Amino acid sequence: MAGTDLVEPVADGWQLILAALAAIALIVVLITLVKLHPFLALILGGLTVGIIAGQNVNDVLASLTKGIGDTTAGVGALIALGAMFAVLLAESGGADQIVDTIVGRASGRMLPWAMAAVGAIIGLPMFFEIGLVLLMPVIYLVARRARVSLITVGIPALAGLSAMHGFVPPHPGPVTAIDYLDADLGVTLALGILVAVPTIIVAGPLFGGLAGRWVVVEPPHTWESEERDIARRPSFGVTIATVLLPVVLMLGKAVVDIVVDDPEDRLQQTADVIGNPFVALLIAVLVAMVTFGRGSGMDRGRISDTVGSSLGPIAGILLIVAAGGGFKQVLVNTGIGTLLADWARDANFSVLLLAWVLAVLIRLATGSATVATITASSLMIGLVEGMSSGETSLVVLAVGAGSVFFSHVNDAGFWLVKEYFGMSVGQTIKTWSLMETVLSVTGLVMVLFLGIFI
């Protein structure tokens, strides 16, 4: 695993620092100015690190290919299974059922809280962009019915989506950081939910109420919610149970590991199998094919087509994450992680705060939460050596918090929100960008608070 791959530095400290800074600068320039795809930028960044650090080029190439292969094997399958589950939830009408049930039972004053809950539940299995597209007609409809600014109900939903994207597996960022730092997925999932809930409350309904007064956006009379071509929707209870199934399986494994703590015990062996992230998500997808697929009247052919359609859109994400794995492996093999770990220990600097700051800087420079997570967690590998499982999970969450800081004009999500909400650039900064900042800082505060006890 990542935590056991550390080596002694191959060059002196300043050369390694120069190599790391040059590689990160190159990645930023290639993504933001040259508009090169992050997959290629990360590969070129990995080559730059190794060459400037004084490694043989063939050794650098070997590190790159090893990192790409290991990351694809460890993370790629989880991202693919998560995408399959999400598209079944959307196409079956299960997501619509969650939205209609929760929003339909909320009073006017409770609508922002209901929208935050909807965003969090929908965001648990779905990528941010997919969740946003799915929820926009609902946000429009709720804002029209309640006669409030689009921002008042939209920001809470976005906070729920974004928090899940940054803190909770099986989203690509948290899963990648967990893999790099050799963290326990079940523990990270449990702590991620603990961090996400209060963070969503602060950045969602509370901040959304203020932002709705600063920026008043009237909901358009377009994008009415479309009726899906399905025979029937799965019930609310069945939908929620299916969405939470992989979460329960992974959390169950973490609980059994703590309570039983006996590798020879049959219960722990069983929990270790069904709570394994790959197995838990595989079970969830197979169950969803029945509860969401057959439960909504799909035949076997349509279920197969629906599952297959989920893989195309995530190809780019898989390539970026894989290239990030190659970049990470070169950083590890040059000894930059060990150097940074020694520096942090000598300076008595908070590891959690350092993880957050690194992710924030890369997020601001590249606009990509995924690139920020990959790069920051790669640099943190040496610092988690000897940490407990809980402490390592908090480092993952600190990176996740930093990766969503202040989305601005170099982030595709910024323009997506701007166009869907019909705002100017200034309005988008005062609402969406500030919400992301509140989300990031509140997440860091929660991580630091948990760090007192863990």
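In helix H17, the buried residues (under 20% relative accessible area, with a 1.4 Å probe and protein chains only) are Ala 369, Thr 370, Val 371, Ala 372, Thr 373, Ile 374, Thr 375, Ala 376, Ser 377, Ser 378 and Leu 379. H17 spans residues 369-379, and eleven of its eleven residues are buried, so the rest of the structure largely encloses it. Helices here are DSSP runs (H or I, at least four residues), numbered from the N terminus.

The model is predicted: local features need pLDDT of at least 70, side-chain atom pairs count only at pLDDT 80 or more, and totals for chains, interfaces and linings use all residues. Residues are numbered from 1 along each chain as its sequence is written, and side-chain values use heavy atoms, with hydrogens and water left out.

**The H6/H7 pair**

- Helix H6 (residues 128-146) packs with helix H7 (residues 150-167) at an angle of about 160°, and their axes are 10 Å apart.
- Axes are lines fitted to C-alpha atoms over the stretch in contact, and angles run from 0 to 180 degrees between N-to-C directions.
- H6 and H7 are therefore roughly antiparallel (over 145 degrees).
- On the H6 side, the contact (heavy atoms within 4.5 Å) includes Phe 128, Leu 135 and Ile 139.
- H7 answers with residues including Leu 150, Leu 158 and His 165.
- By class, this contact of H6 with H7 has twelve nonpolar residues, four polar and no charged ones. Ala, Val, Leu, Ile, Met, Phe, Trp, Tyr, Cys and Pro count as nonpolar, Asp, Glu, Lys and Arg as charged, and the others, Gly among them, as polar.

- Beyond its neighbours within four places in sequence, Met 435 touches Ile 155, Leu 158, Ala 159, Ala 203 and Phe 207.

**A buried serine**

- Ser 393 sits in helix H18 (residues 389-403).
- Its relative accessibility is 0%, so Ser 393 counts as buried.
- Outside four places in sequence, Ser 393 contacts Ala 183, Asp 184, Val 187, Thr 188 and Leu 191.

**Positive phi in two loops**

- Lys 35, not a glycine, has a positive phi of about 65°. Lys 35 lies in the loop between helix H1 (13-32) and helix H2 (38-52).
- Lys 35 counts as exposed at 65% relative accessibility (over 50%).
- Asp 182, also not a glycine, has a positive phi of about 55°. Asp 182 lies in the loop between helix H8 (172-181) and helix H9 (185-214).
- Asp 182 is partly exposed, at 35% relative accessible area (between 20% and 50%).

Methods
Parallel < 35°, antiparallel > 145°, perpendicular 65-115°, else oblique.
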